[in-house]
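Here's a quick briefing to read alongside the model. Have a look at the sequence and structure first, then come back for the notes.

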Amino acid sequence: DYEIGQEIPYRITVTIPDNYGGFTSFKALVTDNLSAGLSVSADDVQVFVGDADTGTEVTDKFDINVADQTLTVGNANTLDGTTGVSEITPGCTLTITYTATLTGDAIIYGGKGNPNTATFEFSNDPHATTTGTTTEVGAKVYTYAVSVDKMDKVTNQVLSGAEFVIKNAEGKFLKDGAWTADTQDDAQKFVTDDKGTITGIKGLDAGTYTLIETKA
């Protein structure tokens, strides 16, 4: 669960085959497909042999691209003497880390969440140029929206023009999609429409919030 604009950490780990030493050429390509509500920059991607905390960073030895919601991280031949990755050894792991954010009009609120799915394409025969691809694995990020209905307590008639602000558990108020306002006077105002409804409080993390009516 994340808020709109909050950085979401991702980690992809793949394992190099134990017979890696028998190859003369080895292709390694990770393809990560992100849903339209997720944004990522190639500049935020890092690649390690081993894990991200204790491994060796080899980011500059991989081609990293982002296009049409697809992130690719690859090296056409990790065994090449010039452009390869000498740090890779049989049976080791490659770890890819990056951060994404929830942004734009295509965010899915609740429901199926905002998925991304990744595959690893790799050379699978030391005596041929064929490749295999792992089954697709993925993760989902959820964010939520709040709707408000205002009705007269006695007549049950819907009431338009009621004004609300929303505060999070840390005492910050929502303003322009971020928790940046210190007081309710500076907070973004949400007003009920002619049906007595507010539907625009979007992009909330799971948690506790307080709605404050600032104008009846």
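In which sense do β13 and strand β18 (residues 209-215) pair, and over how many bridges? They pair in the antiparallel sense, over six bridges. Bear in mind that this is a predicted model, where local features need pLDDT of at least 70 and side-chain atom pairs count only at pLDDT 80 or more, while totals for chains, interfaces and linings use all residues. Residues are numbered from 1 along each chain as its sequence is written, and side-chain values use heavy atoms, with hydrogens and water left out.

- Strands here are DSSP runs of E with at least two residues, numbered from the N terminus, and two of them pair if DSSP finds at least two bridges between them.
- Five of the six residues in β13 are buried, so the strand is mostly covered (buried means under 20% relative accessible area, with a 1.4 Å probe and protein chains only).

**A look at N168**
- N168 belongs to β13, which spans residues 163-168.
- Why does N168 count as buried? Because its relative accessibility is 10%.
- Its bridge partner in β18 is Y209.
- Setting aside neighbours within four places in sequence, N168 is in contact with W179, T208 and Y209 (contact means heavy atoms within 4.5 Å).

Notes: Helix = DSSP H or I, 4+ residues; strand = E, 2+ residues; numbered from the N terminus. Buried < 20%, exposed > 50% of the residue type's maximum accessible area, 1.4 Å probe, protein only.
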